[in-house]
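Please find below a colleague's note, arranged as numbered points.

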Amino acid sequence: MLDDILDYVENIRERPVWQPMTPAARSRLQAPLPCNPSELGAIHAEFMRDVLPYASGNVHPGFMGWAQGGGNVAGLLAEMLAAGLNANLGGRDHAPIAVEEQVAGWMRKLFGFPETSAGLFVTGTSMANLMGVLAARTLALGRDVRRSGIAACPQKLTAYASAASHGSVAKAMDMAGIGSDALRLIPTDGHHRISVTALEAAITADRQAGRTPFLLIGNAGTVDIGAIDALDSLARLAGHEGLWFHVDGACGALGILAPDLAPLLAGIQEADSIAFDFHKWGQVPYDAGFFLARDRAQLGATFSSHGSYLRREGRGLAGGAFWPCDFGPDLSRGFRALKTWFTLKAHGSQALGESISHTCRVARHLEARIAETPELELLAPVQLNIVCYRYRATNADELNAELVADLHESGLVAPSVTILDGRVAIRAAILNHRTTFSDADALVEATLAFGEARTNPLAA
Ligand SMILES: *Cc1c(COP(=O)(O)O)cnc(C)c1O
């Protein structure tokens, strides 16, 4: 099994990025619950036949869709070790917790957070954004809101984020019971950064209407085009207005590892909380989201709840100072820290930062190729690692959506689709450390070939 999966990673270029499942494979994966045991070797053979060839392809250097990391072998091996230990990181006194605390300590230093901060692994930034909303709510309304619920509070909370924010922010407001209507989506400038003037006006208007602004969410790498808000201005404004300042840095926050990108993140060290994903730019295998909060006590006030079956003791296994279950929604938690610890140790922060810079260079190369190709049109300024463009045509919206499906089905490259200013865009997000300049060239050439075939079938 180990040989097969290492071969898969090593020889990934020989495979299509993605291919649809065959009907036979799909129907075998709908077979009922087995009653009798099977040989492990036979199950592995089924995996090799029905699962591995039809993965989504984000290990492949031609994968440029959405915002997905490529993983790495050190992380792969660590996952195997973690599964063998079968550690539960809800709490208690054992080394896996110390590993998670060590990674949290590294992140605290990296983001310039104080010793009194706390960090923990979660599934992903969607969950970390929810934790940010909940911590901010508890601070704004007091700890009693955890008993009484939002409905018992007279305050009408409002939160602020740019119109370019990820959908998980509105979803977090919804799941927190505050409602997504209470999230003000503030207009952005031509570079998709939040307009601070519009933001100030919205806060003032809400205060005048008797509402209670409580939370400001800044973007460090918007999902559409990788824009980074002016985090230092937002930090100042949040301080001045008494708002919790949360940064959605799902993809972009780890740019702090890259000396050429770190200055763009200035102000992130002032945040009350940061959400980011090791499974994106950090190249750790899924899933490995992270939540970092400046005030450990406030995080505890938001999430701790002691059942008698979780009694803490002064010594023995039920000891231990840091029980992550007190600082987040989960009780049982896997050992996500180990694959992250392995990845950080195996490559070091410098090489990881270099791989992040590399993906931005590939994006700029792609931008230059598009700019010099008359059939193609760039739809947004490239700020980080994301390029949005399209094939020029009269029916460009329909055509470009079809082109992306053509590209997927070709197995050559896999960008995704987004809508920018009402226009369908082909979106290439370069996150995979394996992606090279020639993969960007392949995307341009394949777009041209399919675009030509669809607009001028006779020439094809
Ligand atoms: C990916 C992403 C998210 C969601 O993160 P998950 O790890 O998928 O839950 C949130 N915000 C931004 C900006 C993202 O890119």
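1. Phe121 has Phe290 of strand β7 as its bridge partner. The strands β1 and β7 pair in the antiparallel sense over five bridges; pairing requires at least two DSSP bridges between two strands. Strands (E, at least two residues) and helices (H or I, at least four) are DSSP runs, numbered from the N terminus.

2. The model is predicted: local features need pLDDT of at least 70, side-chain atom pairs count only at pLDDT 80 or more, and totals for chains, interfaces and linings use all residues. Residues are numbered from 1 along each chain as its sequence is written, and side-chain values use heavy atoms, leaving out hydrogens and water.

3. Strand β1 (residues 118–122) is largely enclosed by the rest of the structure, because five of its five residues are buried. Buried denotes under 20% relative accessible area, exposed over 50%, and partly exposed in between (1.4 Å probe, protein chains only). Ala118, Leu120 and Val122 point one way from β1, while Gly119 and Phe121 point the other way.

4. Phe111, Phe121, Phe276, Phe278 and Phe290 form one aromatic cluster. Rings of Phe, Tyr and Trp (its six-membered ring) pair if their centres lie within 6.5 Å, with planes under 30 degrees apart counted as stacked, over 60 as edge-to-face and the rest as tilted. The count by this rule is nine aromatic pairs. One of them, Phe276 with Phe290, is tilted, at 5.5 Å centre to centre and 40° between the planes. Phe276 lies in strand β6 (residues 273–277) and Phe290 in strand β7 (residues 289–293), so this pair ties together parts that are 14 residues apart in sequence. Phe276 is buried at 0% relative accessible area, and Phe290 is likewise buried at 0%.

5. A salt bridge is a side-chain nitrogen of Lys or Arg within 4 Å of a carboxyl oxygen of Asp or Glu; the count comes to 24. Among them, Arg184 meets Asp206 at 2.9 Å, N to O. This pair links distant parts of the chain, with Arg184 in strand β3 (residues 183–186) and Asp206 in helix α9 (residues 196–208), 22 residues apart. Asp206 is buried at 4% relative accessibility, whereas Arg184 is partly exposed at 23%. Asp206 also forms a salt bridge with Arg211 (2.9 Å, N to O), and Arg211 is partly exposed at 33%.

6. Arg207 and Glu241 form a further salt bridge (2.8 Å, N to O). Here helix α9 contributes Arg207 and helix α10 (residues 231–241) contributes Glu241, 34 residues apart.
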